[in-house]
Amino acid sequence: MADKKVRFHLPGLRFNYPLNMFWVSLLETHPEYFRDNIEIGSFFGCFPVALWNGGRLITHDQCDAAFISNVVKNINAKGIPVRYTFTNPLLTEEDLKDPFCNFCMQVGDNGMNEVMIFSPLLEQYIRDKYPSYKLNSSTCKEIKNTDDLNEELDRDYQYVVLDYNLNNRWDILENVQKKEKLEVLVNTLCEPGCKRRGQHYRQIAKDQRNVLKNRLNPTDKKIPIEPWYCEYGEHNNIHTIQGYPTFISPDKIWNEYVPRGINNFKIEGRTANLFSLIDTYCFFMLKPESAGLARLILLRNLEESHIITVNKPKPAKFILPT
């Protein structure tokens with residue numbers, strides 16, 4: 001196990017892109033701050049607004065072609081794959097022609113990058129049109145038993161992301177045959193056993209389609225975006241989920257998962273609060289004795305680059321009261 005890489009897959013190609021690039025730089029310049037054998041396995045997400053996207057809803061943003069090309073190039077230059085999270089569960093044949101999503105695929109069509117997949121329709125399209133991409137099976141499929149999980153692992157996927165409800169379920173995981181292909185979500189904010197999860201994914205897909213339609217609709221024809229409230233995912237963070245049976249601590253990663261041959265770990269947070277995400281990265285990947293100093297270096301770099309803005313007091317003229 002001494003030389004076994006422990007790969008973390010980090011969220012964000014848009015909002016978290018600066019943080020992730022600084023994080024990679026910190027790993028390069030100060031490897032002594034990090035736990036043993038850490039490697040960044042991918043940056044995952046999408047460039048807004050992408051019709052094929054799934055899992056997170058982004059409404060008030062749009063990336064241009066130059067930004068997309070530069071981000072993919074810069075991430076790949078670090079030896080890190082871009083992984084598109086194209087897990088929309090409601091795609092149609094017509095949606096496969098989407099020019100924006102196809103442009104994103106063309107930019108990354110160099111044999112290095114990946115796609116997280118859910119829709120069988122999109123999966124076949126990508127296999128036929130973009131065969132250089134490695135495909136990963138999404139946790140959105142909600143596979144919850146050993147036989148179905150082993151069948152999924154036997155298919156032509158690089159990784160299969162485990163349903164979070166199977167985290168720490170060694171009565172099931174011990175019977176998994178290709179553990180090296182498993183990817184485990186370590187910081188899921190969802191309530192264990194959430195019964196609305198599939199419904200939430202479908203609602204995101206519907207709202208995302210309506211966001212794109214609304215860009216072409218006149219004001220009086222705008223389609224309402226349905227609100228979604230969740231008292232768990234919207235308010236949880238690394239400090240509130242540690243009592244969940246689905247939570248995986250760093251000790252469990254290094255002492256239970258890696259020795260059993262599972263060494264790919266996903267951190268969710270594509271739309272997370274920046275400071276919450278920094279805390280999460282530090283918690284999982286840094287040595288506890290180094291976390292404070294490394295966090296300070298990271299925050300200073302983010303401030304100096306104007307990713308974080310700290311407002312200074314405005315000067316005023318002193319006039320003696322009369």
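This is a predicted model: local features need pLDDT of at least 70, side-chain atom pairs count only at pLDDT 80 or more; totals for chains, interfaces and linings use all residues.
Tyr-130 is buried, at 3% relative accessible area. I then looked up Tyr-133, which is buried too, at 6%.

Next I checked how these two rings meet. Tyr-130 and Tyr-133 form an edge-to-face aromatic pair. I noted 6.3 Å between the centres and 85° between the planes.

I asked which other rings belong with them. Ring pairs join Tyr-130 and Tyr-133 into a cluster with Tyr-17, Phe-47, Trp-52, Phe-67, Tyr-84, Phe-86 and Tyr-125.

I then counted aromatic pairs in the whole structure and got 18. One of them is Tyr-17 with Phe-67, again listed as edge-to-face. Here the centres are 6.4 Å apart, and the planes make an angle of 80°. I traced both residues along the chain. Tyr-17 is in helix 1, residues 17–29, and Phe-67 is in helix 2, residues 65–77. The two residues are 50 apart, so I logged the pair as a link between distant parts of the chain.

Tyr-17 has 14% relative accessibility and counts as buried, because the cut-off is under 20%. Phe-67 has 24% and is partly exposed.

Last, I searched for charges over rings. Arg-260 lies over the face of Trp-170, 3.9 Å from the ring centre. Lys-266 has its charged end over the ring of Phe-44, at 4.7 Å from the centre.

Note on methods
Residues are numbered from 1 along each chain as its sequence is written. Side-chain values use heavy atoms; hydrogens and water are left out. Rings of Phe, Tyr and Trp (its six-membered ring) pair if their centres lie within 6.5 Å; planes under 30 degrees apart count as stacked, over 60 as edge-to-face and the rest as tilted. Helices (H or I, at least four residues) and strands (E, at least two) are DSSP runs, numbered from the N terminus. Buried means under 20% relative accessible area, exposed over 50%, partly exposed in between (1.4 Å probe, protein chains only). A charge sits over a ring if NZ of Lys or CZ of Arg is within 6 Å of the ring centre and within 35 degrees of the ring normal.
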